[in-house]
Amino acid sequence: AVVFLSFFIIAYAFRLNTQLQSHIFSLNRFLPRRSIRSALRVIISSVSVSLFILIIVAGLFGNQSPIQNLAPVTVWVIWWVGFVYLATFVINVWPLFNPWDAIFQAFERVTRKKFKSFTYPKTLDYWPALVLFLIFAWSELVWPKGEHPRTLALMILGYSMFCFTGMAVYGRQSWLKKAEVFSVTFSVFGRFAPLYTGNESIGPHLRYYGIGLLPQRPASLSLTIFILTLLATVSFDGFMETPIWSTLKGIVLSTASLAPTLLFMKATFGDLELVIETTGLIAAPLVFTLIYLGICWTMSKLYKSSKNVNPEMRSPLLLARWLVFSLVPIAIAYHLAHYLSYLLIAGQLFIPLISDPLGLGWNLFNTADWQINIGVINAKTIWHISIFVIVVGHIISIYLSHHTCIRLFGHQRRIVIVHAPMVALMVMYTSLSLWILAQPIVDN
């Protein structure tokens with residue numbers, strides 16, 4: 001109800017002449033001297049590379065229990081969850097901490113050579129990042145060995161070789177911008193952040209939350225699919241904990257007509273549950289993309305029936321590319337609601353592992369005896385936070401999409417009707433998200 005009513009408030013109170021992009025506060029005067037910035041960049045890169053090497057060493061040679069080894073906790077909790085929160089609500093610092101970038105830059109300085117054999121093909125665009133993100137999501141959500149320290153270290157080494165090869169062939173900057181999956185991911189989330197490094201002409205500045213998600217041009221098709229996949233996978237992670245998912249798996253396994261296929265899958269892959277969950281992970285972005293394109297098709301049909309139609313906006317696909325950035329706050333809200341307790345509880349494992357990163361009984365900093373406090377946050381608090389962030393996230397998405405619609409279609413009353421299908425999608429998704437998050441609490 002709140003999301004639905006906010007649409008009318010935004011629709012009738014909003015004016016496009018309020019140029020939020022112009023309301024920025026330059027931070028150039030607070031920047032230290034160039035020499036100090038360079039020194040800080042070297043220190044941060046050194047720390048990042050050192051931790052990167054430590055994670056690989058711990059994974060390969062340390063204790064193979066996921067909770068007694070630094071690698072799984074650092075990668076899945078501190079880095080993946082924590083860095084998303086930092087990039088979203090403060091500033092995207094991944095370009096400073098990216099160990100692959102730091103190592104490759106150091107190698108170029110040592111060899112005094114800029115590696116680039118070919119120009120990055122336009123046809124590739126963000127598709128490599130999309131494929132890599134699906135592999136990463138599969139490793140996190142489906143593959144049971146994803147938390148195994150040695151397997152995780154080997155995955156990091158394999159990705160490192162792939163990343164270094166890509167930068168050597170297509171150039172460091174081109175590869176990081178389009179194909180390095182984590183640079184793309186944190187860049188998308190970082191558009192919401194209030195602190196932005198800016199470009200050479202503007203410099204770093206402070207801005208309103210979410211202003212970076214107001215597009216200056218439509219996203220490419222591959223980036224559109226990437227953002228939709230980002231949203232769908234985090235929702236699928238929660239959906240796998242619901243009774244409906246367990247029921248669906250039971251139906252698939254008990255359907256007689258699927259028996260030959262299931263037997264073939266079991267003989268080939270050995271684990272039917274792994275096959276079913278992998279299929280679900282692939283199906284989730286496809287289903288969400290089809291629904292989203294259907295909404296955009298409906299909006300374009302409603303727009304065509306109005307007067308003074310802009311011919312460029314007749315294409316549902318083009319409209320989808322313009323509006324996709326407005327969905328990012330929903331992904332942020334669900335990521336915050338879904339992983340907050342995970343970060344606060346499982347993240348405490350990092351404290352004793354600082355003293356004993358390999359799980360060999362060390363106590364380097366006298367923190368090895370730290371006891372995990374599972375009561376740091378309870379289900380009631382999580383639920384209230386979840387309701388707040390998901391509702392607010394959807395309201396922000398409505399605001400951003402309405403701003404974009406006015407820019408595309410012109411300020412007219414017809415916009416309310418054209419925008420209505422997108423609002424309906426967001427209201428339904430709000431309900432679905434809260435229902436998914438409620439299932440573990442209801443079960444308990």
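Are helices α3 and α9 oblique or roughly parallel to each other? Let's work it out.

Some ground rules. This is a predicted model, where local features need pLDDT of at least 70, side-chain atom pairs count only at pLDDT 80 or more, and totals for chains, interfaces and linings use all residues. Residues are numbered from 1 along each chain as its sequence is written, and side-chain values use heavy atoms, with hydrogens and water left out.

Now the helices. Helices (H or I, at least four residues) are DSSP runs, numbered from the N terminus. Helix α3 covers residues 70-89, and helix α9 covers residues 181-190. Their axes come within 8 Å and cross at roughly 40°. An axis here is a line fitted to C-alpha atoms over the stretch in contact, and angles run from 0 to 180 degrees between N-to-C directions. Angles under 35 degrees count as roughly parallel, over 145 as roughly antiparallel, 65 to 115 as roughly perpendicular and the rest as oblique. So α3 and α9 are oblique to each other. The crossing of α3 past α9 is right-handed, meaning the near helix is turned clockwise from the far one by less than a right angle.

Who touches whom? Contact means heavy atoms within 4.5 Å. On the α3 side, residues including Trp80 and Phe83 meet a set in α9 that includes Phe182 and Phe186.

Stay with Trp80. Trp80 is buried, at 4% relative accessibility. Buried means under 20% relative accessible area (1.4 Å probe, protein chains only). Phe136 is buried too, with 10%.

Next, rings. A search of the whole structure finds 35 aromatic pairs. Rings of Phe, Tyr and Trp (its six-membered ring) pair if their centres lie within 6.5 Å; planes under 30 degrees apart are stacked, over 60 edge-to-face, and the rest tilted. Trp80 and Phe136 have ring centres 4.9 Å apart and planes at 75°, so this pair is edge-to-face. Phe136 sits in helix α6 (residues 127-141), so the pair ties together parts that are 56 residues apart in sequence.

Last stop: helix α17, residues 379-409. Helix α1 (residues 2-13) packs against α17 at about 30°, with the axes 10 Å apart. That makes α1 and α17 roughly parallel to each other. Phe7 and Ile10 are among the α1 residues in this contact, and Ile395 and Tyr399 are among those in α17. Thr404 also lies in α17. Thr404 is buried, at 4% relative accessibility. Not counting residues up to four places away in sequence, Thr404 touches Leu214, Pro215, Trp322 and Leu323.

Definitions and conventions. Helices (H or I, at least four residues) and strands (E, at least two) are DSSP runs, numbered from the N terminus. Buried means under 20% relative accessible area, exposed over 50%, partly exposed in between (1.4 Å probe, protein chains only).
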